[in-house]
Amino acid sequence: MPHAEDGSIHWEEEGEGPPLLLVMAYGLGGDAWAPLRPHLGGHRLVRFDHRGTGRSGLLTDDLSIDTMTEDALAVLDAAGIERTHVFGISMGGMVAQALALDHPERVAGLVLGCTSAAPVRFVGAGEAVVELIQGITLLPTDLESGLDIVLPLVFSDRFLREDPSIRELARTLAGSITDETAAAIMQSLSQLAVGDVFDVTERLGEIQVPTLVQHGDADRLIPVAAARELADRIPGAEYQELTGAGHGYVMERPEDAIPRLLSVIRDGTRR
């Protein structure tokens, strides 16, 4: 399988058409895109495992957004992609913003899902983040108890009732989380929640590519106010708020989220 950044960042690609870089939330590897990939046909999909997750090595103890952005660039270089649309979810959305701001020549358009330009302001060390860290801590040794904590933070209560199969997928994805990976995830979450390590609020006006901001209004991890600010500050950004959806809005409501996403990508590709 392809690797980048000295052979330690695992990445894969599939499909043909305009490239679309998929940047998952930290702690989940590229395999977490599996339920969405069938909806994204007609594109060259490139996905990767963040350092310390999936089949990627930890490399260093630096889990900053800047470092993860450099990893994403290394993947694009290895794939021979000069310019691409980027779909980033949660922390992956922060990486997508950093790519567009610091390497604008590489980004043709953005989809920013359930993310923030300033997590320290919108997330902080709130109760939901503390619960998430507790749940992640349990995953390597007590998977079911860990999922009991994590899943209600990520998905709405209604979705968990109506689609119990999501727990099986979560078991598969979380089953590979080791103590080392859990520690890396907690370090990264703690940096974003209590440290002034990522705040690009005042730079959002620099983004000059087609952008769609999506967010569920029942998100417990990142308040919907963070998405509204993104949409207000990015010139010409489109905004889609999904009523009743949680942090995992795109898995809860693909029939609503994906068509809007593809429309923005198509419009940006034609420019």
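**Exercise 1.** In which helix do R158 and E162 both lie, and how many residues apart are they?

*Solution.* The model is predicted: local features need pLDDT of at least 70, side-chain atom pairs count only at pLDDT 80 or more, and totals for chains, interfaces and linings use all residues. Residues are numbered from 1 along each chain as its sequence is written, and side-chain values use heavy atoms, with hydrogens and water left out.

Step 1. Find the helix. Both residues lie in α6 (residues 157–162), 4 residues apart, about one turn of the helix. Helices are DSSP runs of H or I with at least four residues; strands are runs of E with at least two.

Step 2. Check the side chains. R158 and E162 meet in a salt bridge at 3.0 Å, N to O. The term needs a side-chain nitrogen of Lys or Arg within 4 Å of a carboxyl oxygen of Asp or Glu.

Step 3. Check exposure. R158 and E162 are both exposed. Exposed means over 50% relative accessible area, buried under 20%, partly exposed in between (1.4 Å probe, protein chains only).

**Exercise 2.** Trace the salt bridge between E202 and R233.

*Solution.* Step 1. The closest N and O atoms are 3.8 Å apart.

Step 2. E202 sits in the loop between α8 (179–194) and β7, and R233 in helix α9, so the pair ties together parts 31 residues apart in sequence.

Step 3. E202 is exposed at 68% relative accessibility. R233 is partly exposed at 36%.

**Exercise 3.** Is T211 buried or exposed?

*Solution.* Step 1. T211 belongs to strand β7 (residues 211–216).

Step 2. T211 is buried, because its relative accessible area is 3%.
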